[in-house]
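Please look at the model first.

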Amino acid sequence: MAQLETLVETLDFATFHSLNSKIKTKFCESLVTSLGKNGFVKLVNHGLPKDIVQEAFQIANDFFHLPMEKKMLSPHPPSDVPHRGFSPMGMENIGKVTNFGVDETYHSKVALKDMKETYDMGYEHDPVYENIWPPIDVMPKFKPFMQKFWEMCYVVQQEIFEAIAIGFHLNPAILADMHLDQVNEMRLTHYPEIKLADLESDGTSQKTRISPHTDFGSITLLFQDAVGGLEAEDQKVKGVFRPVEAGEIDEMILNAGDCMQFWTGNRIPAARHRVHAPPAKQAPGPDGVQVADPNQVLPERFSIAFFTTPDRNASLQPLNPEWYSEKHSVTMTAGEFQLSRSSGTY
Ligand SMILES: O=C(O)CCC(=O)C(=O)O
Ligand SMILES: [Fe+2]
């Protein structure tokens, strides 16, 4: 059962706001230590009210249950850039670019099909790309709510960056100052219900919920519903994915992206992660061994990701020159890197 061991620690972000600077610094150091283990950590008391997170999931639920022709009124462009609007199932396959950072000793290069549909938005005042909102008569609350939710997530994101910088004993503003243009993306994802037998388990099916990948940006603020199935790679046992268990709906999962790995010279790794069948859906067989019942239907699943992304002209060189390592270094700007990573996903 070692396979089911958790690898994500939970931290109370309220401690970051302590007026006692020693307590605050200690919290920041433990955040960096936890993130450094597997690139994942969970935060409670992060400042986003539970009812707001619940409302975001309700909006996602309402949107994805619209008839297809209504969802297609805010369509994603037919290219991989920019990430805006609705993508029906089969349009984006992260598996196609999953080879970034792949170590073939541990990772399969087989491109799986992602059984998901998504809605993407960016910063409403982004000078480069416009949002593609559902028409107001289709979903009147969608745009005003999502803009408000974005602003709230941005405030928390900047606090988290400050905490990480303090945890490394760097200038507290060093990371936040590279995120002033809000190049971020917010993604609502719906994984429709699916027969367990249709999901890849033994190489015969090529489908999963989302293929193993690293996120391209700085750090992702992720919320998941109670269904489960999210897994992250154990950094000590490459190739082994362990569950990131679902907690309360407002529990925030933080996971580091490629840029954080570059800035920290791999002190915070961008962990590969995926969404597949949750272990709880695998019926216990003889001797307690988990055996999947292929006739089971996995319920639909929702997640919300706020992909924090560096300003387009930001450097990806290590925050501390002493952390330089050739393996984890790129000379591209953050904007160039994002374009190179997105290319080929659609
Ligand atoms: O649905 C999830 O929990 C994770 C989604 C994800 O990893 C992504 O969209 O990058
Ligand atoms: Fe991801």
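The report takes the metal first, then the ligand.

## Basis

This is a predicted model: local features need pLDDT of at least 70, side-chain atom pairs count only at pLDDT 80 or more, and totals for chains, interfaces and linings use all residues. Residues are numbered from 1 along each chain as its sequence is written, chains are lettered from A and ligands numbered from 1 in the order in which they are written, and side-chain values use heavy atoms, without hydrogens and water.

## Iron site

Three residues hold the iron ion (ligand 2): His213 (NE2), Asp215 (OD) and His273 (NE2), at 2.1 to 2.2 Å. Donors are N, O and S atoms within 2.8 Å of the metal (3.2 Å for Na, K and Ca); water is not among the atoms, so sites may look incomplete. The donor spacing in sequence is H-x1-D-x57-H.

His213 is buried, at 7% relative accessible area. Asp215 is buried too, at 5%. Buried means under 20% relative accessible area (1.4 Å probe, protein chains only).

The shell around ligand 1 includes Tyr191, Ile210, Leu222 and Phe307; a shell residue has a heavy atom within 4 Å. By class, the shell holds six nonpolar, three polar and two charged residues.

Oxygen atoms of ligand 1 meet polar side-chain atoms of Tyr191 at 2.6 Å, His213 at 3.0 Å and Arg301 at 2.8 Å. The protein buries 96% of the 290 Å² that ligand 1 exposes alone (Shrake-Rupley method, 1.4 Å probe). Strand 16 gives the most to the shell, with three residues. Strands are DSSP runs (E, at least two residues), numbered from the N terminus.

Definitions and conventions
Buried < 20%, exposed > 50% of the residue type's maximum accessible area, 1.4 Å probe, protein only. Polar contact = N/O pair within 3.5 Å; in protein donor to acceptor, adjacent residues only side chain to side chain. Helix = DSSP H or I, 4+ residues; strand = E, 2+ residues; numbered from the N terminus. Nonpolar A, V, L, I, M, F, W, Y, C, P; charged D, E, K, R; others polar.
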